[in-house]
Every structure is written in C-alpha cells, then in structure tokens.
Amino acid sequence: MNAMLSPRTTWPAALVVAILAATAGVASAAGVPDSLSNLKGRSESKASEAFASAGYYLQGEKEQWDRKDSFWWGQRDRQCLRQTSRFGLVTGVALVGEADCTNARTSGAPVGRPGNLVAADLLGLSRAGAEAKLAAAGFNAMSIDERPEVTNMLWSNQRTGQCIAAAVVGNKFDQTWDLPSSRCR
C-alpha cells in the first residue's frame, strides 16, 4: 500500500476537518461559557453558585407564570446571560443583549443596574475605605468573621437586593464576590 494519499482521498478528509472546525467555532460563538452552558436540569441555587464562580453578577430577575428569567452580567467578557428556570430548575442559559441586564428589575428596585457599586469596585481598597464605600452605597454588614489570617465579610443592600462577600487580608479587600441576594438572608 502506498504511504502517499491521492488528492481524491485527502479532499474528503480536509472537508470533514473544515466542517468540524466551523461547527466548533459556532458553538463557542454562542458566547455562553462551557461551565454555564450545561446547567440545564440543575437547581437555581446551584446555578447561582456556578454563575458567581464564573465571575457573573446577578442583575435582576423577571417572573411570568411558571417561568423565571435571571439576568447575569459578566464584567470581564462584558456580556449578559439569561438563565431561564421553571419550577426551580434551570431550563436553559443564553447570551442576550447588554440592555437585558441593564433593564432587569431586582425586587422592586428601579429599572436599571441594581446599584452603582459592585464587588470588583472594592478590590485593593483598605478595609476602612471599602467599608465607608459600602456604607455610602447603602450596604449593611450582615456578618464579620475575623480570624488571624483573613477576615470574611458579608454585606447586604436591602434597597437594591445586592449581596457582596469579601475576604480582607492584611487590611486590604483581597477578594470580593457579588452573590445572589438569597445568600444575605
């Protein structure tokens, strides 16, 4: 058997490779990270944890009959994702326009972004500076757990429905997370 392939046998193989590459590009063009695209069938609380872990911030929720749409903003990718749920289980996650996150309502808050302050705004600030910024934005401390290496904090804003967690290391806000409002109850 000849080790060299003829153009007639390589052309179909090249076509298959091109089709596979194009389909992979379409799947990633959907814009939903792999860690979030496979949430179908999971509980809303597990999905909320996955969104927060992926760096997305809950912007608001809209409910109609048995359907609930939760809008999540990814600051790093500057994209809005809609998580659709029925009866407490996720039925899908889709990329939607930025305006969907901007216009989402959060528990009776005015239309627009839930607040002017997000967890990322606090990174690197001194503890006193970050606490002052949180208080000025209407946040109240829900819990403060001081340990020798790290102080863990949980802050809630009842007006906007926001919940922010922070880890303070060496008098600086070292890590911060926007959490679902249910985590601050």
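In which loop is Phe 87 found?

**View 1. Phe 87 in a loop between two strands of the predicted model.** Phe 87 is found in the loop between strand 3 (79-86) and strand 4 (89-96), where strands are DSSP runs of E with at least two residues and helices are runs of H or I with at least four, both numbered from the N terminus. The phi of Phe 87 is near 55°, a positive value in a residue other than glycine. Most residues other than glycine have a negative phi. With 72% relative accessibility, Phe 87 counts as exposed (exposed means over 50% relative accessible area, buried under 20%, and partly exposed in between, with a 1.4 Å probe and protein chains only). This is a predicted model, in which local features need pLDDT of at least 70 and side-chain atom pairs count only at pLDDT 80 or more, whereas totals for chains, interfaces and linings use all residues. Residues are numbered from 1 along each chain as its sequence is written, and side-chain values use heavy atoms, with hydrogens and water left out.

View 2. Trp 65 lies in the loop between strand 1 (56-64) and strand 2 (67-74), and has a positive phi of about 50° although it is not a glycine. Because its relative accessibility is 90%, Trp 65 counts as exposed.

**View 3. Glu 44 and its contacts.** Glu 44 is placed in helix 3 (residues 44-53), and its side chain is joined to that of Lys 68 by a polar contact of 3.1 Å (a pair of N or O atoms within 3.5 Å, of which, within protein, one must be able to donate a hydrogen and the other to accept it, and residues adjacent in sequence count only if both atoms are side-chain atoms). Leaving aside residues up to four places away in sequence, Glu 44 touches Lys 68, Gln 83, Ser 85, Gly 88 and Leu 89, contact meaning heavy atoms within 4.5 Å.

**View 4. The whole chain as the setting for the close-ups.** The chain has five helices and eight strands, which follow the pattern α-α-α-β-β-β-β-α-α-β-β-β-β when read along the sequence. Buried residues make up 36% of the 185 residues in the chain. Among contacts in the chain between residues at least 6 apart in sequence, 39% join residues at least 24 apart.
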